[in-house]
Amino acid sequence: MSNMQPSKGSGKEQPGLRYPTNGKTIYHRPLNRTKTAELSGASFAYLFAEMVSYASKRIESIQDLEKRLNVQGHPIGLKLLDLLLYREPARSQTRPLNIIALLHFIKLNVWQHLFGAAADGLEKSSDPAKPDEYMIIDNEPLVNRYVSVPRDMSQLNCAAYVAGIIEGVCDGAAFPARVTAHSVGRQEDGGASGAPAEMWPGRTVFLVKFAPEVMEREGYLGKG
Amino acid sequence: MEKLRLGVLALIVINKAGGLIYNRTFGEGLNQLNTNDYLVLAGTFHGVHAITARLNPFKGQQYQQHTLSSTGETILSRPEPPSGLEVMESENFRLQCFNTLTGIKFLLFTDTMQANVDVAMRKVYDLYSDYVMKNPFYQLEMPVRCETFDRKLNSYIREINNSR
């Protein structure tokens, strides 16, 4: 990518960046070229543990801590949206245009890229008073694999970091939203879809609440 | 006659200062100690372990074992540090001690016939380094209160106890 050439030198070539003949740039594959292109889980776990303890310095409340983790994830989501769309084949490179397409993109593409598997569920809030709320469900979030939350911080879910990434993706796609992470593994009824709670103690629901203007736009789109 | 207890009976973890940071028993019907007794047990074991690590009848010969005479040079390499008490057996149980490089001691109490205690110990150490050391809320040298560690440890011990 570094050999940018002035276009007047060669008449035939297109102005601007030159592309490799196969059309693949460095953005099309991970920098890590090993076979699986995976990163070490242990080093991520240590890094994430440091991020959490950094974020928990001088906090006023649990919400404060979750907010900080959320803010750390947000820029990743913004950039990830661009990167993943760029890697799509040229025909489907447009950004998601409605809520369902966006959530599917998050559930499949974003999750596959970050965690190596699609999310375990995608649901719409069953409460008719809250049509703007959607839920993405992960039975065992990767970031929480080694985290045990102490009893006095029981509302905390460190997957707030992942919620921040989702929020970044939504914001980047022009669907402003608030995303929060909630643990449902310990509830008696086993969470939203009735899966056994015993099996997934770390089950987490990412609650995506879209801004009113998004819902308004979605309403117009539905009519047209 | 009381039913014989089999398998892994208890785990105790002692930090490098001799403080008890984790204790758990597996299986019902075991005599329980109170917390104070556990603390005393951990402290006492720590002391005994330190003494046994100093007991060494071959102190003078340690360096000679590592001397190469073939080339005429004498290469002094540092001898393995003495490991101290590793196994203690009694009529009713077997105690295996594993001392990590950072000075944390894992004591695994099993029945005398239990095989592959080394493997079990290794796995317990694995679980500890995963679910305790990678937990952002764990403070070094402090008592271990990690729910995921408890859960994984219980399921692993149940698995090996049921397989006999």
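1. Among contacts in chain A between residues at least 6 apart in sequence, 63% join residues at least 24 apart; contact here means heavy atoms within 4.5 Å. The structure is a predicted model, in which local features need pLDDT of at least 70, side-chain atom pairs count only at pLDDT 80 or more, and totals for chains, interfaces and linings use all residues. Residues are numbered from 1 along each chain as its sequence is written, chains are lettered from A and ligands numbered from 1 in the order in which they are written, and side-chain values use heavy atoms, with hydrogens and water left out.

2. Chain A contains 5 helices and 4 strands. Both kinds of element are DSSP runs numbered from the N terminus, helices being H or I with at least four residues and strands E with at least two. Along the sequence, the pattern of chain A reads α-α-α-β-β-α-β-β-α. Of the 224 residues in chain A, 36% are buried. Buried means under 20% relative accessible area, exposed over 50%, and partly exposed in between, with a 1.4 Å probe and protein chains only.

3. Helix H3 of chain A covers residues 99-115, which is 17 residues. From first C-alpha to last, H3(A) reaches 22 Å, close to the 24 Å expected at 1.5 Å a residue; the expected span is 1.5 Å times one less than the number of residues. H3(A) bends by about 30° at A:Ile106, where the bend is the angle between axes fitted to the seven residues ending there and the seven starting there. The residue that follows H3(A) is A:Gly116, with a positive phi near 80°.

4. Which residues of H3(A) are buried? They are A:Ile99, A:Leu102, A:Leu103, A:Phe105, A:Ile106, A:Lys107, A:Val110 and A:Trp111. In reading such a list, the student may recall that an α-helix has 3.6 residues a turn, so residues three or four places apart point the same way.

5. A:Trp111, in helix H3 of chain A, counts as buried because its relative accessibility is 2%. Not counting residues up to four places away in sequence, A:Trp111 touches several residues, including A:Ile136, A:Asp138, A:Val162, A:Ile166 and A:Phe206. A:Trp111 and A:Ile166 are 55 residues apart in sequence, and their C-alpha atoms are 9.7 Å apart in space.

6. In chain B, 5 strands form an open sheet in the order S2-S1-S5-S4-S3, with antiparallel pairing. Strands S2 (20-25) and S3 (87-89) of chain B are at the edges; each has a single partner strand, so one side of each lacks a neighbour in the sheet. Direction ignored, neighbouring strands of this sheet are turned by 10° against each other on average. Two strands pair if DSSP finds at least two bridges between them.

7. S3(B) and S4(B) form a hairpin with 4 residues between them. The two strands run antiparallel and are joined by 3 bridges, S4 of chain B covering residues 94-99. B:Val87 has B:Gln96 in S4(B) as its bridge partner. S4(B) is also joined to S5(B) by 6 bridges, again antiparallel, and B:Asn99 stands opposite B:Lys105 in S5(B). The hairpin of S4(B) and S5(B) has 5 residues between the strands, and B:Gly103 there takes a positive phi near 90°.

8. Two helices of chain B lie across strands of the sheet. Helix H2 (residues 117-131) of chain B lies across S1, S2, S4 and S5 of chain B, at about 135° to S5(B). Helix H3 (residues 147-162) of chain B lies across S1 and S2 of chain B, at about 40° to S2(B). Axes are lines fitted to C-alpha atoms, for helices over the stretch in contact, and angles run from 0 to 180 degrees between N-to-C directions.

9. A:Arg58, in the loop between H1 (41-55) and H2 (62-87) of chain A, has a positive phi near 50° although it is not glycine. A:Arg58 is exposed, with a relative accessible area of 76%. B:Asn116, in the loop between S5 and H2 of chain B, likewise has a positive phi, near 55°, and counts as exposed at 58% relative accessibility.

10. How many residues of chain A are in contact with chain B? There are 17, and they meet 13 residues of chain B. The chains bury about 1,200 Å² between them, 62% of it on carbon and sulfur atoms. In chain A, A:Tyr46, A:Tyr146 and A:Ser148 lose the most area to chain B, together 45% of what that side buries. Buried area is the accessible area (1.4 Å probe) that two parts lose on being put together, summed over both.
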